[in-house]
Amino acid sequence: MEKIQQTRSGVEIGGEGTHLAGKLKIFFGYAAGVGKTYAMLEAAHQAQKEGMDVVVGYVEPHARPDTLALLDGLESLPCKEIDYRGIKLKEFDLDRALQRKPQLILVDELAHNNAQGCRHTKRYQDVEELLQAGINVYTTVNVQHLESLNDLVSSITGIAVNERIPDHIFDRANQVELVDIEPDELVKRLQMGKVYRERQAKQALQHFFTTENLAALREIAMRRTADQLNRAALQEGKEKSAKAGEHILICLSSAPSNAKVIRTAARMAEAFHSGFTALFVQTPETKELSGENLKRLRSNLRLAEQLGAQISTVYGTEPAVQIAEYARVSGVTKIVMGRINHKQNPITGKKSLADRLIELTDLDVYIIPDHQPLYKKPLGKLHVPKTRFTWKDTGIMLASLLLSSLAGFGFYYAGFSESNIITVYILGVLITAVWTNGHFYGAIDSLLSVAAFNFLFTEPRFTFQANDPSYPVTFLIMLFSSVIASSLASRVKAQARLAAQKSYYTELLLGSSQKLQKGRTEWDCLRLTAEQLNRLFDRPVLYALSGTEKELAFRVEPSDEQNILMELGSEEIGVAKWVQRNNKHAGATTNTLPDSKWLFLSVRGTQGVMGIVGIPIAGYSIPDAFEKNLMIAILSECGLSQERIRLQEERNKAALQTQKERLQANLLRAVSHDLRTPLTNISGSADMLMQEESELDPAIRKKLYTAIYDDTNWLINMTENLLVATHLETDKESFKMSPELIEDLFQSVVAHLDRRAAEHHISVHLEDATLMAAMNARLIQRVIINILNNAIQYTPKESNIELSAVKKGNVVQISVTDDGPGIPDDAKRHLFDLFYTAGQGKADCQRGLGLGLNLCQSIVAMHGGKIDVLDHMPAGTTFQFTLPLVSAEEMKY
């Protein structure tokens, strides 16, 4: 048994852009019995010897003794038993595997279809979730199970395989190991009973396991593995080659052969490394699809998505024209389509879609042979447009017929020819076709118009007889003209309706983009998106922000549908949480938890799930291809907008943090600089006093003592400002105000002034000794001390400084006025800025941190007041601020 391996670093699997942490290894074979499971178990034993935590999740032994023997020594998880029509089915237990979370798990038969009741309908989806959880997986698959090769294998073997996996699962595996043996050896193993039991082996040898079939399958498997070997090298330049090189287009339809066309086009796109688009032309007829046709169309749509096609939708009544126009603007180079498998109309000579495309484009058109039986419309089942009978439309038709007849009478008695009367009736048919719904009323009006013309205006009049032998020809021409005119008018109406619908969808998408740009929060973006989806589908929409919290807090749009939130069950919440964890879509219409009544979709950003949106499906119509694409586009736009807001918030936080760090650095630098000078002075003066106190002149000793005292007071004042600033920043909740007498406040302030206050004339003025204000006395005292110390420091000795308080309305205005040199206007603008000091040619204090006046402004603002600096005439400066007034009446209560 030979093994051919190919490895690729990195893995991203899932078809929806989900990055997987676990690594996937596929043991690949061209038929059952080549030894895939055996090779997988051998590799598992080797990994266990290397110290890995290995668990067997599910292995299909097929009663093969050699395979069963290799299970010894490996931990195996119990299977999950599911009741299905009275039968106990054993399935892989995904939840138990996620709970156990080994380093490596073995999951056999990757293409297996899970029984109803499992979370996923396909086993490969179980494997995706394991990889998403960071668990490495070994698995097995045969070549006939690859989706794109299904038709090719079926044509070789004559057997259709129902269990298939999307090619992207195989292509994005980290490692693929081709387990290979000679076809003759495999046949011998079958004959010896090593693969199937005797009866099954004989049947297999007669059908699937012929030497010719096995040789062909082996060649396909080797070629597929070789293609995989080159994928990593080509992956980087794939997008450029897709844009600059080939671009393949197929048309989605409900035809039975459409699945084969999709698979063939996918193989071509893979071979050319080209772009791949699946186009759906929506016509009035496609809106009427139902039953098996609608089911087949949706199945083909899912198949195209699985095989990596970009789904696009256009509207129109002429598919060939729409396809040709789309191919022209999209850079399509090749069109792949199935043969129209019904006979052409020999009378009309109407050309096939392929012939029309060849005429309208200069592209390569590939026709895929269709071996389905010739399609014949059964008699009695001709397509009749669905028209609902309404009295309104009937009234319009009869009124149009009556008005045409009255106008015909006018023309008849005025002597006009019969051709003019016929024109009036054709005009009436046109009016009927435009003003009613469908072809039905226009066609009926055509017949009635011919009958009315015969009855009213041909000889003999008022009978349905016609004497002139040319009248039957006239009637036929009139009938054909009326029917054609009615059909054209109805077609124009249908095209206008489709154009209006397309315009509405385009407006919806553009409107979503514009509204999302105005969103200020992530919740705003989700709400706006839910509003647009509510307009699109006319049903309530759930939305939730995906964050760090465990529970999803759903909201609903429209907001008056709050009863939906109350009815939301734990199962639906579980589906939404699964979507949040795995960044995939789940629920109704998907292959994950399809029994749910809701479809939950993840709002994706480049960094993961940004939000969750839920759309009810039970009781509503299933979204068509174009609506689904539009919905995904809106959700993608929402995810980008949320990410923009989140990045902006992170930038703002980073900016605030940078500003905070800069302020801290400035503060530390200012503190270290300003502490050095007074501490050096204190240290020097104290050292001189200790060493030479007895020898120093008393005047010099007093001067040194005074310097120590002044520098100490300055340090105390600076420390007090720092403590108050820190307290305001960290303990705002403890801030409290109480009524205080202004007179007591002023006395306390004067008692704590700088020593140099004695060198100035400081006066206190109160217009009312009982004046009271609401304040935090300690903080307001700090404000007045800072302002007074500034006035003392910046004015010459013997200057006049006045501290006053007056009542103004419902506030108390406190002022500190001096007659010093004043403050320049340019300095006033920055006076209350943090770290603004007079040492830099500014005003606050000659040496200091620049905290004093900034701190004063903050304290006054906390009291609901405002601080200002004004010029004092004829010279000097006035600082004034306000505090809330407390009246005597308020004090009584």
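Let me start with a term: buried means under 20% relative accessible area, exposed means over 50%, and partly exposed lies in between, with a 1.4 Å probe and protein chains only. Glu147 has 4% relative accessibility, so Glu147 counts as buried. We'll come back to Glu147.

First, some ground rules. This is a predicted model, where local features need pLDDT of at least 70, side-chain atom pairs count only at pLDDT 80 or more, and totals for chains, interfaces and linings use all residues. Residues are numbered from 1 along each chain as its sequence is written, and side-chain values use heavy atoms, with hydrogens and water left out.

Now the overall picture. The chain has 893 residues, and 46% of them are buried. Its secondary structure comes to 28 helices and 26 strands. Helices (H or I, at least four residues) and strands (E, at least two) are DSSP runs, numbered from the N terminus. The accessible surface is about 46,400 Å², with 54% belonging to carbon and sulfur atoms. Those areas come from the Shrake-Rupley method with a 1.4 Å probe; for residues, only the protein chains shown count as cover. Next, contacts, meaning heavy atoms within 4.5 Å. Among contacts between residues at least 6 apart in sequence, 71% join residues at least 24 apart.

What is its strand order? The order is 21-23-24-26-25, in an open sheet of five strands with mixed pairing. Two strands pair if DSSP finds at least two bridges between them. Strand 21 (761-766) and strand 25 (867-871) stand at the edges with a single partner strand each, so one side of each has no neighbour in the sheet. From one strand to the next, the twist averages 20°. Axes here are lines fitted to C-alpha atoms, for helices over the stretch in contact, and angles run from 0 to 180 degrees between N-to-C directions.

Strand 21 runs parallel to strand 23 (residues 800-808), and six bridges join them. Ile762 has Ile801 in strand 23 as its bridge partner.

Two helices lie across this sheet. Helix 25 (residues 777-794) lies across strand 21, strand 23, strand 24, strand 25 and strand 26 (877-884), at about 175° to strand 26.

Now salt bridges. A salt bridge is a side-chain nitrogen of Lys or Arg within 4 Å of a carboxyl oxygen of Asp or Glu. How many does the whole structure hold? The search finds 24.

Arg164 forms a salt bridge with Glu147, with the closest N and O atoms 2.9 Å apart. Arg164 lies in the loop between helix 5 (150-157) and helix 6 (167-171), and Glu147 in the loop between strand 8 (136-142) and helix 5, so the pair ties together parts 17 residues apart in sequence.

Next, Asp180 and Arg218, whose closest N and O atoms are 2.8 Å apart. Asp180 is in strand 9 (residues 175-180) and Arg218 in helix 9 (residues 211-235), so this pair ties together parts 38 residues apart in sequence. Asp180 is buried, at 0% relative accessibility. Arg218 is buried too, at 14%.

Last, Asp364 and Lys334, at 3.3 Å between the closest N and O atoms. Asp364 lies in strand 14 (residues 364-368) and Lys334 in strand 13 (residues 334-338), so parts 30 residues apart in sequence are tied together. Is Asp364 buried or partly exposed? Asp364 is partly exposed, at 39%, while Lys334 is buried, at 6%.

One network to finish. Salt bridges with shared partners join Glu147, Asp151, Arg164 and Arg263.
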